[in-house]
Amino acid sequence: MVPDTIVIHCSDSPQGRGDTAATIHRWHKERGFDGIGYHSVILEDGTLEYGRPEYWPGAHATRVNDHSLGVCLIGIDSFTERQYETLATYLHNKTAEYNISSSNIVGHYEVSTKTCPNFNVEDFKIAYNII
């Protein structure tokens with residue numbers, strides 16, 4: 001898979017529980033997935049963990065799974081500055097690596113009926129100079 005889109009998600013789990021990529025992997029296996037549907041997960045302390053290999057299509061946003069990377073922030077609607085900083089670095093790196101236009105960085109809410117990641121992605125891109 002060669003991605004042309006990045007979809008930002010949230011785990012929809014309360015902060016402070018210590019959820020990780022392994023936690024999400026378990027949840028997704030319980031739901032019948034082959035494993036974690038996201039390619040990367042950003043923990044509350046800003047640590048970037050890897051999930052599904054980037055050469056595998058995701059299982060995170062039905063309409064765009066076959067051509068997108070999925071990145072998930074642990075939390076519901078309140079994220080740490082470290083998470084935002086790691087997300088910005090991740091987006092800068094992946095857009096450069098795969099030549100992805102910043103207009104193709106979207107929130108899950110833009111490709112489904114979900115509300116996640118529960119923040120305005122356009123405002124985030126402006127604030128972190130992802131243009």
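# Pocket and core

Student: Which elements each supply at least two residues to the lining of the largest pocket?
Tutor: S1 and helix H1 (21-30) do. Helices (H or I, at least four residues) and strands (E, at least two) are DSSP runs, numbered from the N terminus. This is a predicted model: local features need pLDDT of at least 70, side-chain atom pairs pLDDT 80 or more, while totals for chains, interfaces and linings use all residues. Residues are numbered from 1 along each chain as its sequence is written, and side-chain values use heavy atoms, without hydrogens and water.

Student: Which one gives the most to that lining?
Tutor: H1, with three residues. A pocket is an open set of points on a 1 Å grid over the protein atoms alone, where a 1.4 Å probe fits, with protein on both sides within 12 Å along at least five of seven lines; lining residues have an atom within 4 Å of a point.

Student: Which residues are closest to the centre of the largest pocket?
Tutor: Cys10, Arg31, Tyr38, His108 and Lys114, out of 24 lining residues.

Student: New topic. Which residues touch the most others in the largest nonpolar core?
Tutor: Ile6, Ile8, Leu87, Leu91, Phe119 and Phe124, in a core of 20. Such a core is a set of buried (under 20% relative accessible area, 1.4 Å probe, protein chains only) Ala, Val, Leu, Ile, Met, Phe, Trp, Tyr and Cys residues joined through side-chain atoms within 4.5 Å.

Student: Where does the largest share come from?
Tutor: From H2, with five residues.

Student: And what does Leu91 contact?
Tutor: Beyond its neighbours within four places in sequence, Leu91 contacts (heavy atoms within 4.5 Å) Ile6, Ile8, Ile105, Phe124 and Ile130.

How values were computed: Buried means under 20% relative accessible area, exposed over 50%, partly exposed in between (1.4 Å probe, protein chains only).
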